[in-house]
Amino acid sequence: MTLGLFFLVLKIHSKRRKLRLQLTAPSNKTIQKEIGITGSKSETNRSLLLQALFPNVNIENLSNSDDGEVMQKGLKISNGTVDIHHAGTAMRFLTAYFASQASKEVVLTGSSRMQERPIKVLVEALQALGADIQYEKEEGYPPLKISGKKLEKCQVSLPANISSQYISALLLIAPSLENGLELDLIGKITSVPYIKMTLALLEQIGVDTSFEGNKIKVESKASVADTTLVVESDWSSASYFYSIAALSEVGSEIKLSSYKESSLQGDSVLAKIYTHFGVETTFSNNQITLSKIAEAKTDFFECDLANAPDIAQTIAVTCLGLGIDCHLTGLHTLPIKETDRLAALQTELGKFGAKVDIDAESLTLHAAETLNTGVAIDTYNDHRMAMAFGPLALKKDLMVNDAGVVSKSYPDFWNDLKALGFGIAEM
Ligand SMILES: O=C(O)C1=C[C@@H](OP(=O)(O)O)[C@@H](O)[C@H](O)C1
Ligand SMILES: C=C(OP(=O)(O)O)C(=O)O
């Protein structure tokens with residue numbers, strides 16, 4: 001069977017039943033490879049919503065992820081049920097979109113986990129602007145019955161410390177409101193780069209915005225000039241290659257495209273973070289080169305990830321693989337993501353012999369002297385649990401349960417690991 005056919009079969013199988021993979025290290029741990037990574041799902045889902053409001057916005061390098069697909073499908077529906085599965089951005093952005101679209105009436109729902117992810121802050125902000133939204137099951141959680149209408153008001157306050165997606169959702173529809181929008185953010189603002197990404201994309205299509213202190217303003221806009229939004233490749237997906245570079249031999253070089261030196265994605269902070277683990281990043285012609293130039297420079301790593309929560313799992317596993325203790329803070333949003341990521345990390349890192357302490361916003365890893373063998377990682381319907389542990393195969397063979405979950409953001413992940421020389425066998 002050719003490699004392409006093998007992975008096509010894997011992909012088809014992963015839709016039908018849970019895929020279990022056995023991962024082994026590449027025979028040569030000095031890795032040299034170029035990989036093209038799909039577009040950022042965050043930029044994709046924002047751009048798609050802006051395109052729905054302003055059809056002369058053109059988009060290039062869309063993400064091929066499940067989350068991008070459900071967003072595209074959802075935006076085409078006017079009546080009936082819209083199921084966005086596990087996609088947090090689609091859930092939050094489409095809530096705002098449907099609430100502001102007169103004549104559309106939908107029930108917006110998602111996976112059972114999505115029905116446990118809170119949405120009250122956004123619903124209440126939209127209701128304060130005049131929206132008609134009702135809870136179909138439990139108050140504060142999807143599914144939502146949304147009867148779209150013209151939203152008349154233009155000012156609202158909302159808590160900013162639970163999820164930035166509520167804020168981005170409101171900002172994305174803001175130019176389509178008659179008087180624009182003014183948000184007053186209450187409390188410590190979390191995941192700030194994602195809010196700035198939303199504002200930057202609005203600016204790119206010609207919408208004026210301002211963000212000062214706890215106040216954000218967006219002007220109303222009836223139409224925009226023809227614009228092409230070019231989605232940069234996904235930095236959260238790049239994190240797994242940073243981890244691979246860190247865990248590989250000095251001399252490894254992994255080239256990833258298409259990336260920009262000045263990114264809208266907060267996870268681009270990886271370039272700085274991974275210098276601590278001996279990985280240097282160089283930018284050239286929309287490509288980044290990750291070079292493993294030295295052994296890790298530290299035996300303890302500390303970092304506040306409130307601005308980059310999606311790379312917490314990657315970094316924790318890198319530290320486990322390098323035998324480095326770490327203390328990661330700013331993780332208060334992790335319990336309400338695809339799974340409770342703090343609890344999941346504690347369990348799965350623990351399987352390798354590490355001691356892991358967690359509290360409401362931090363994780364402390366006491367790395368193991370030697371990594372336990374025969375570990376099977378559970379992934380909890382969370383793409384990042386599967387992808388974060390993949391690179392660890394450089395240090396220890398492992399199994400990954402329900403490995404098809406990667407399609408939420410990065411459907412080609414296992415193919416790309418295979419291209420790097422990892423052994424990947426279906427069990
Ligand atoms: O706006 C976005 O695209 C995202 C914001 C972040 O969520 P929170 O703001 O809930 O932390 C991040 O974790 C998520 O993967 C994508
Ligand atoms: C938290 C994530 O996604 P979302 O909230 O959009 O489901 C993620 O991709 O890590």
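Let's start with Arg341, which sits in helix α11 (residues 341–351); helices here are DSSP runs of H or I with at least four residues, strands are runs of E with at least two, and both are numbered from the N terminus. This is a predicted model, where local features need pLDDT of at least 70, side-chain atom pairs count only at pLDDT 80 or more, and totals for chains, interfaces and linings use all residues. Residues are numbered from 1 along each chain as its sequence is written, while chains are lettered from A and ligands numbered from 1 in the order in which they are written.

Arg341 is buried because 26 other C-beta atoms lie within 10 Å (20 or more makes a residue buried, 12 or fewer exposed, in between partly exposed, with C-beta atoms placed from the backbone). Leaving out residues up to four places away in sequence, Arg341 touches Ala312, Gln313, Leu334 and Asp382; contact means that the C-beta atoms, placed from the backbone, lie within 7 Å.

## Lys408 in its loop

Lys408 is found in the loop between β21 (398–400) and α13 (413–419). Lys408 counts as buried too, because it has 24 C-beta neighbours inside 10 Å. Beyond neighbours within four places in sequence, Lys408 contacts Ser65, Asp66, Asp67, His86 and His383.

Key:
Contact = placed C-beta atoms within 7 Å.
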